[in-house]
Structures are given as C-alpha cells and as structure tokens.
Amino acid sequence: MLLTITIDVVKALIVIIFLMAAFGYMTLIERKLLGRFQFRPGPNRVGPKGILQPLADGVKLLLKEEIIPQGVDRFIFIFAPLISLLAALLAFAVIPFGPNVHLFGRTIPLEIAGPNLGLLYVFAIASLGVYGLILAGWASQNKYGLLGGLRSSAQIISYELAMGLSVVGILIFAGSASLNVIVAAQENVWFIFPQIIGFAIYLICAVAETNRAPFDLPEAEQEIVAGYHTEYTGMKFAMFFMAEYINMVTVSALATTLFLGGWHGPAFLPGVAWFLIKVALFLFLFIWIRATLPRIRYDKLMGFGWKILLPVALVNALGTAAWVAMIK
Amino acid sequence: MTIPLVDFLGLSAILFAIGAVGVLVRKNPLIMFMSVEIMWNAVNLTFAAFARHWVNMAGHIFVFIVVTVAAAEVAIGLIIVVFVFRQRERLDVDELSSMKG
Amino acid sequence: MLANVIFWIAAVIAVAMAVTVVAAKRPMHAVVALVANFVMLGVLFLLLHAEFLAIIEVIVYAGAVVVLFLFVVALLLTGVSAPREDEGPKLLAQTPLAIILGAAILCLAGFAVAINLTLGPTPGVPEAFGSITLFGEELFTTYLLPFELTALVLLVAVIGVVFLARERH
C-alpha cells in the first residue's frame with residue numbers, strides 16, 4: 001500500500017516537473033517560432049540561441065513587485081490565479097503517456113490515475129477552471145477586467161459544449177470513457193480517420209478553450225488592455241500565464257490520446273517518445289495558427305460556437321451512433 | 001470497512017437544516033437561492049446513500065432528475081432576480097410586497 | 001480506513017462551506033463557498049460508489065449552475081461589499097427563530113432515522129454499480145418516461161429564458 005502511494009507520488013512529481021518545464025520552453029519556442037513566421041529571429045540573446053530565456057523570464061516574474069489594488073477583495077484576488085493553475089495541472093492526471101512499465105516485479109501504468117470516467121473527469125476539471133477567470137475579472141474591480149473575464153468565461157463555457165459533443169463519437173467507438181481503454185482501442189487504426197469531423201471540431205474548440213488566437217479577444221492587448229489579468233503582476237500573473245500554457249499542453253495531450261492513438265507508434269521508439277512527438281505536433285499547430293490567423297470578433301466567435309459547431313458536433317454524434325448501430 | 005449509512009444520513013440532515021436556516025434568515029434572493037441549492041444537494045446525498053445501501057440504481061436516476069430540474073429552475077429564477085434588480089436597484093425580498101393583502 | 005478519513009474531511013469542509021454560504025457578508029464569498037461545498041459533495045458521491053453522479057455534480061452543479069450565480073453576482077453587485085441587502089429591518093427575532101426551526105428540522109430528521117434504524121448492514125456492491133453503463137441502461141429502459149419529461153422541463157426552461165431575455169424596444 002505504501003509502495004503504491006510512493007509510486008503514485010513519484011509519477012505525479014514527474015508529470016508536474018514535465019508540465020512546468022514544458023511551460024517554460026513553450027514560451028521560448030512560441031516566441032522563436034512566431035519570430036521565424038514573421039521573418040525575424042526571436043529572442044536569441046540570453047544563452048546560445050536564446051535557450052536560457054525562460055530562466056530569465058522566470059527570475060523577472062519572481063522579482064517583480066506584487067501590486068494588489070486598493071479596495072479589492074483580497075482573498076479572491078489572490079485565490080483566483082491559484083484556481084486557474086490548479087485546474088490546469090489537475091486535468092493532466094488521467095492522461096496515459098506510455099504503455100505499462102514493468103519495474104521491481106510490478107506493472108506500473110504510466111498515468112497518475114485511470115478512473116472509468118477519465119474523459120469526463122477532464123471536462124469536469126475544465127469546467128472548474130472557468131472560475132479562475134471570472135473571479136479574477138471581478139476581483140480586479142476594473143471594467144476591462146470584468147468585461148474580459150466575463151467574455152472569456154462565456155466563450156469557454158460555450159465551446160466546452162461543442163467539445164464534449166465532439167468526443168461522443170470516440171466514446172461510441174471505444175465503448176468506454178476510460179482513457180486507457182480509448183488508447184488501447186486505437187491499436188489498429190487511430191480514431192482520427194473515422195472521426196475526422198469530430199477531430200476538426202475538437203481542434204477548433206481546443207483553441208477556443210485555451211483562449212488562444214484567433215479566439216483570444218478576451219485578452220487581446222489591442223482591444224481590452226489585458227482582459228481578466230489586467231491588474232495582476234508578478235507571481236500571480238505568472239500563474240495565469242502558466243495556467244494558459246499548461247492548458248495548451250493538456251488539450252494537446254488529450255487530442256493525441258483521443259484521436260492520434262496516444263502512445264502507439266512503430267516500435268523503434270518507446271511509447272513515451274511517440275506521445276511527446278504527437279503532443280509537440282499539436283503545440284506547433286497551435287503556434288502556427290496564432291501566427292497566421294487574424295482575431296475573430298467576439299459576437300462572431302460566439303455565433304460560430306453555438307450556431308455552427310454545436311449542430312455539426314450533434315450531427316456527428318448521431319451519425320456515428322447510427323453507423324455503429326448499423327454495422328453491429 | 002464501509003462507511004455506515006447513518007453517517008451519510010446525519011451529514012445530509014445537517015446540510016438540509018443549514019440550508020433551511022439560510023432561506024429563513026437571509027433577505028438577498030441570490031443567497032436564498034444558494035441555500036435552496038444546498039438543500040437540494042442534501043437530498044441528493046440521501047438518495048445516493050440509500051441507493052448504495054439497497055444496491056438499486058433508482059436513487060441515482062432520481063439524483064440526475066433533481067440536478068436537471070434544479071439547473072432549469074436556477075436559470076429562470078436568476079433571470080427574474082436580474083429583472084427585479086433592474087427595476088429597483090436593491091436585492092431584498094422583503095421589499096417585494098406590493099401584492100400583499 | 002482511508003475512506004473513513006476522506007469522509008470526515010469532506011464532511012467537515014462541506015458543512016463549513018455551507019455555513020459560510022448562509023452567513024457570508026459578501027455574496028462573492030458565498031458563491032466561492034458554494035463551489036467548494038459542491039466539490040466536497042462530489043467527493044462524497046465517489047465514496048458512495050456513485051462515480052457518474054460525482055462527475056455530474058461537478059460538471060453540472062459546480063461547473064455550470066454556480067457559474068450562473070457567479071455571473072449574476074459579478075454583474076449586479078460590482079462593489080466589493082454588498083451595501084444593498086440585509087440592511088432593512090428583519091422580522092422580530094428572525095435569526096433566533098430560524099435557528100430554532102433549523103434545529104427542529106435536524107431533530108425531526110434524526111428521529112426519522114432513529115425509529116427506522118432496522119436497516120441492517122450495508123452489503124457489498126457489484127463492480128459495475130454506479131458506472132455510466134449501468135446508469136445509462138436504467139435511464140433508457142426503466143426510467144425512459146421521466147427522462148423524456150426532464151428533457152421537456154429543460155426545453156421549457158430554455159424557451160422561458162430566451163423569451164425573458166429578449167431585446168425590448
């Protein structure tokens with residue numbers, strides 16, 4: 001019993017360290033890639049080719065002055081970024097990042113937890129993550145903050161629906177909501193091929209869920225100052241920043257688990273390596289989309305989510321159900 | 001060693017009583033609504049506890065229905081609160097007594 | 001053993017958060033306490049082998065219904081404190097009477113449990129109890145009519161909200 005707990009704690013630590021390191025280097029990779037997309041080199045002064053830039057950013061954020069505006073609700077002001085970061089980290093707990101490992105005579109599954117409702121757990125945590133945004137926006141006592149927070153959370157709630165529906169096809173194919181079973185069911189053919197519409201919807205919703213361009217009006221610098229994190233400085237801002245990038249990693253990891261076969265791949269690389277390659281592919285896609293597409297206006301964004309994505313996801317779910325029922 | 005049913009029933013009774021006191025004491029309609037939500041949740045806990053005790057899924061189905069109806073009710077109730085606030089700029093149920101008598 | 005510890009922690013936090021909802025001076029604190037209460041109830045559902053209910057509780061209640069409350073509180077009560085409520089005169093001895101009534105409800109519930117306490121030991125549960133497959137089977141076969149009526153209730157609620165929130169000229 002104690003050994004099981006120790007193994008779980010070690011796995012959790014490995015995942016958290018991986019996510020923090022991924023956050024650090026994602027900031028650097030994003031800036032360098034955006035630079036390359038825009039015909040400039042990106043940050044390249046700190047360390048060779050700018051590799052030590054995340055360390056410099058981290059030190060800067062830690063040493064910045066922590067400003068708490070006068071007249072805010074202190075408890076909620078300080079608590080909100082914590083909720084965002086917590087939700088971002090917790091969602092990764094059910095994602096399998098490799099095949100079972102055999103160590104010390106025990107079979108250790110490479111995931112922190114494998115509940116029967118793993119997929120729904122991720123959506124539950126995503127619903128809880130919305131609170132960080134609204135509470136931050138309200139607690140800032142700032143009109144830009146409140147408006148940004150409300151817009152951001154309304155956007156996330158709306159796209160959560162289409163996202164949930166888009167994976168119903170996966171549930172029907174795999175027969176279970178456990179992410180282990182879903183990965184195991186993709187041994188022969190990855191689910192992206194029969195569920196290409198679901199994949200497209202999931203990808204669009206994933207970009208909207210993480211408040212990334214082109215759906216980043218709630219935090220666009222040109223329109224709304226910085227939306228819900230206008231009044232945040234120093235470590236609290238860093239927590240929001242972390243939450244956003246870790247959300248990106250989680251959503252990419254979920255996409256590879258659901259659609260690209262998780263850690264499956266030809267045997268010349270270990271499963272974990274294939275998993276990381278596929279996640280990196282999705283992260284590159286996120287950055288590429290940010291560099292290429294213009295920002296979408298808020299009412300068009302909401303209209304798109306409700307009037308187009310939701311019906312298409314529903315039709316996809318019904319069509320998949322009908323098709324599976326017919327061939328069984 | 002499974003948790004005895006009485007513990008869950010006791011917790012559920014305490015939550016229900018707290019919710020009831022909340023509805024009776026507060027005058028802000030939003031907080032009254034939240035207290036009613038606590039009461040609904042206490043009832044859900046009772047249903048789930050009995051479903052576990054008698055190994056019958058009917059309790060779970062009932063919880064599902066209670067959650068759904070509660071969500072619908074909250075949506076309509078909140079919009080009514082917003083309308084009242086727009087008219088009066090105050091959130092106080094004791095003032096909504098124009099139909100008294 | 002571990003289940004008992006988790007039960008007591010979750011129960012204490014749930015009760016503390018419920019008291020905070022009822023007694024908080026600022027509505028925003030009440031909303032945050034409500035979320036914590038619902039998450040603790042989700043944990044309690046997990047202890048009762050009701051895994052689908054736990055997820056439903058977090059997704060629907062803590063993740064959507066309380067967000068509705070949060071929107072309304074954030075938009076209507078943009079000041080940090082709540083100067084517009086609980087200021088008027090309360091009925092005579094309202095708070096003590098309410099607490100007495102609450103205690104009476106508690107005693108009533110305790111009495112109901114005590115006289116019916118011929119419950120016997122809790123049996124073990126099959127592996128699939130509370131799972132989404134069993135829940136779906138029951139919902140769509142034995143309880144199909146209540147399910148459809150619930151869908152109708154939701155439809156009526158959606159129509160009501162859309163109608164009430166329309167643009168007026």
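User: What should I know about the model and its numbering?
Analyst: Residues are numbered from 1 along each chain as its sequence is written, and chains are lettered from A in the order in which they are written. In this predicted model, local features need pLDDT of at least 70, side-chain atom pairs count only at pLDDT 80 or more, and totals for chains, interfaces and linings use all residues, while side-chain values use heavy atoms, with hydrogens and water left out.

User: How many residues of chain C are in contact with chain A, and what is the area buried between them?
Analyst: The size of an interface is often given as the accessible area lost when the parts come together. Buried area is taken with a 1.4 Å probe and summed over both parts. Here 26 residues of chain C are in contact with 24 residues of chain A. The area buried between these chains is about 2,200 Å², and carbon and sulfur atoms give 80% of that.

User: Which side chains meet in a salt bridge?
Analyst: A salt bridge needs a side-chain nitrogen of Lys or Arg within 4 Å of a carboxyl oxygen of Asp or Glu. Between chain C and chain A the count is one: A:Asp73 with C:Arg26, at 3.5 Å, N to O.

User: Which element of chain C gives the most residues to the side that touches chain A?
Analyst: Helices are DSSP runs (H or I, at least four residues), numbered from the N terminus. The elements giving two or more residues to this side are helix 2 (27-47) and helix 3 (51-76) of chain C. Helix 3 gives the most, with 14 residues.

User: How is a pair of aromatic rings described?
Analyst: By the distance of the centres and the angle of the planes. Rings of Phe, Tyr and Trp (its six-membered ring) pair if their centres lie within 6.5 Å; planes under 30 degrees apart are stacked, over 60 edge-to-face, and the rest tilted. The count is 24 aromatic pairs over all chains. One of them is C:Phe38 with C:Tyr61, which is tilted, at 4.9 Å centre to centre and 35° between the planes. C:Phe38 is in helix 2 and C:Tyr61 in helix 3 of chain C, 23 residues apart.

User: Is C:Phe38 buried or exposed?
Analyst: Buried means under 20% relative accessible area, exposed over 50%, and partly exposed in between (1.4 Å probe, protein chains only). C:Phe38 is buried, at 0%, and C:Tyr61 is buried, also at 0%.

Methods
Contact = heavy atoms within 4.5 Å. Buried area = accessible area lost by both parts, 1.4 Å probe.
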